[in-house]
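This report describes a model with the sequence and structure shown below. Please keep both in view while reading.

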Amino acid sequence: MKSVYLIARREALSILRSPQGFIIAALYLALVGLDFNLRVLGGGAKYSADVLTGFFHELSGFTMFFSVFISMGLIAKERETGTFPLLLSSPVKDFEIILGKFFGAYLFLMLLTLVTVYMPLLVMVNGKVSWGHVCAGYLGVLLLGSAVLAIGTFCSSMTRSQIVAVFLTLGIGMPLVLFWLLGRFADKPLNDIFAYLAIHNIHFAPFKAGKVHLRDIVYYFSVTAFFLFAATRTLESRRWR
Amino acid sequence: MCLTRTGCSFSLRPGTMIVANDLQKSFGDVCALDGVSFEIGKGECVGLLGLNGAGKTTLLRILGCLLTPTAGTMTVEGRDISGAANYVRGLIGFLPEDPPLYSEMKVGAFLSFAAMIRGIPRTDVGGRVQDTARRCQLDKMIDERIETLSYGYRKRVGIAQAIVHNPPLVILDEPIAGLDPAQIVEMRELVRGLRGQHTVVISSHILTEISQTCDRILVMQRGKMVGSGTEEELTGGMGKEQRLAAVVRGERQAVEKALAGMSGISSVAIEDRADGALDLSIGTSEDIRAALSRALVQGGLDLIEFERKKDQLEATFLRLTGDKEGER
């Protein structure tokens, strides 16, 4: 696990120091802030709880979208720049490489997300904020972010092009988001299956309302674990090609 | 063969570092390695010679545990690279043709990362990095960002990351590719400095580089091992045509008469020199040096110079690879 820590630390620092990381951080924080001011706070008087619910709903969308770009280079960039042999020829297992890369990106995402905490604090100025609601909301956002980052890690392991990795991640992520529509219109039992598979709708709704359900945590952990496992298998298979 | 398989480990002759046995690697329909077998002893510096596309890089990537062979076995210190890949990775330092460098990092931080990821304890890392930087003449660059270094220094950093954990086996894929003449000389010295402390495997398609740096040469062509040995063995092997060159003073007829009575001569060329002497070029597939010198002297000729012209490495390489081309 020491290898995971080393790889994660290097990855997080690399993202933080790169122009790409700077642009992602700047855009994310600017857009979340603007959206908070215009959409979440706008539209007349609201209860603090409703403002928080709206904030976490919006934040989850931005987190999903930007997670695609944070994860695009995790493996693909290593292949593109020819740095991967350093890790592949080191006494590190493939799953440790994947976990290290994932946690490095996740650390960056956590930093970005936690910087937005000033927005709930602003709500405190004119309203009453439940810290349980805030913690549940952030837990949901980070779980959702980990699932999308895992999908991105898997897609990044399949190609040496970061752009292709983005499109692959969107190709998997978009249907997972839109499954809630199929869940609404499909017949039984497919509607239940689609509704359960949807990455955002029924699994994220409790978090943004300040509720934490074990089934939703299990769902996000399962998605994350599945795609990280798939990424590891992809990496292993590349040694045969 | 010297080895017997027991699970994923092998018993092998003491002093053997690498044993490859009937190694094969295919990429789809393309056969990159076709039944390659060889042994490399501990402390040897071995050059892998071959034209572009001969399979050198594939072989090194298998040895570096980046690729898995399609068939056959390869062991490093008796451990199979497929069955005990992680153990073997701990024994090697690998420099691909393009150095795997995180360009945003400083040289010292990068080498520390490379050492720690290879399992060097944190307390030892500082000393290892300094030692390695000194060996690779990078001590003044330790605080420089890698992206600001010249290509020659980047190659040095590449070698430094491969030896920072003091591995028994160092694998260098085309270490001088892309370097200017001054950098080549520096790199050659650096690679020579690795001999004795590590087993070194170097690939190159540049003959002089291999001949100047390595103890032994493995010649590859189209995925096959077509020659193996020291430069001397490869270029002067018995049964191969070689040329003896002599300078004598005397009559041309006397030379012809002296040579007429000798066996083992396949061709003779006699040329007049400006100083009145004669240049002899004698083709033979046997070692007739003693008999020839006696015959010339006994024929009343003054033998001024006499040498066996070595078959140059280039010619040997072309002969080895050309023969195999012809078989296809």
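## A loop residue in chain B

B:Asn166 sits in the loop that runs between H5 and E9 of chain B. The model is a predicted one. Although B:Asn166 is not a glycine, its phi is positive, at about 55°.

H5(B) lies across E8 and E9 of chain B, and its direction makes an angle of about 165° with E8(B).

## The open sheet of chain B

Which order do the six strands of the open sheet in chain B follow? The order is E8-E9-E10-E5-E11-E12, and the pairing is mixed. At the edges are E8 and strand E12 (224-229) of chain B, each of which pairs on one side only. On average, neighbouring strands of this sheet are turned by 15° against each other, direction ignored.

One of the pairings in the sheet joins strand E9 (residues 169-173) of chain B to strand E10 (residues 199-204) of chain B. These two strands pair in the parallel sense, over five bridges. Within E10(B), B:Thr199 is the residue opposite B:Leu169.

## Helices H5 and H6 of chain B

Two packed helices are described by the angle between their axes and the distance between the axes. For helix H5 (residues 151-163) and helix H6 (residues 181-194) of chain B, the angle is about 10° and the axes are 10 Å apart. Angles under 35 degrees count as roughly parallel, so H5(B) and H6(B) are roughly parallel to each other.

On the H5(B) side, the contact is made by B:Gly152, B:Lys155, B:Arg156, B:Ile159 and B:Ile163. H6(B) contributes B:Gln183, B:Met187, B:Leu190 and B:Leu194. Sorted by class, the contact of H5(B) with H6(B) has five nonpolar, two polar and two charged residues.

Strand E3 (residues 16-27) of chain B has antiparallel pairings with E4(B) and with E6(B). Nine bridges connect E3(B) to strand E4 (residues 30-41) of chain B. B:Lys25 has B:Leu33 in E4(B) as its bridge partner. The hairpin formed by E3(B) and E4(B) has two residues between the strands, and B:Gly28 in the turn has a positive phi of about 65°.

Five bridges join E3(B) to strand E6 (residues 71-76) of chain B, with B:Val19 opposite B:Thr75 in E6(B). E6(B) is also joined by two bridges to strand E7 (residues 79-80) of chain B, and these strands run antiparallel. There, B:Val76 stands opposite B:Arg79 in E7(B). The hairpin of E6(B) and E7(B) has two residues between the strands, and B:Glu77 in this hairpin takes a positive phi near 50°.

## Domains of chain B

The domain assignment divides chain B into domain 1 (4-235) and domain 2 (242-309). Taken over C-alpha atoms, the centres of domain 1 and domain 2 of chain B are 47 Å apart.

## Chain A

How many helices and strands does the secondary structure of chain A have? Chain A has twelve helices and zero strands. Along the sequence its pattern reads α-α-α-α-α-α-α-α-α-α-α-α. The C-alpha trace of chain A spans about 60 × 45 × 30 Å along its principal axes. A compact globule of 241 residues would have a radius of gyration near 18 Å, and the 19 Å of chain A therefore agrees with this.

A cis peptide bond, with omega near 0°, leads from A:Lys188 to A:Pro189. A:Pro189 belongs to the loop between helix H9 (162-185) and helix H10 (190-197) of chain A.

## Where chain B touches chain A

In the contact between the chains, 24 residues of chain B meet 20 residues of chain A. The elements of chain B that give two or more residues to this side are helix H2 (85-89), strand E8 (92-95) and helix H3 (107-117). H3(B) supplies the largest share, four residues. By class, the side of chain B that touches chain A has 14 nonpolar, six polar and four charged residues.

Note on methods. Residues numbered from 1 in each chain as written. Chains lettered and ligands numbered in written order. Predicted model: local features only at pLDDT ≥ 70, side-chain atom pairs only at ≥ 80, totals over all residues. Contact = placed C-beta atoms within 7 Å. Nonpolar A, V, L, I, M, F, W, Y, C, P; charged D, E, K, R; others polar. Domains from an automatic or database assignment. Axes fitted to C-alpha atoms, helices over the stretch in contact; angles between N-to-C directions. Parallel < 35°, antiparallel > 145°, perpendicular 65-115°, else oblique. Pairing = 2+ DSSP bridges. Rg over C-alpha atoms; globule rule 2.2 N^0.38 Å.
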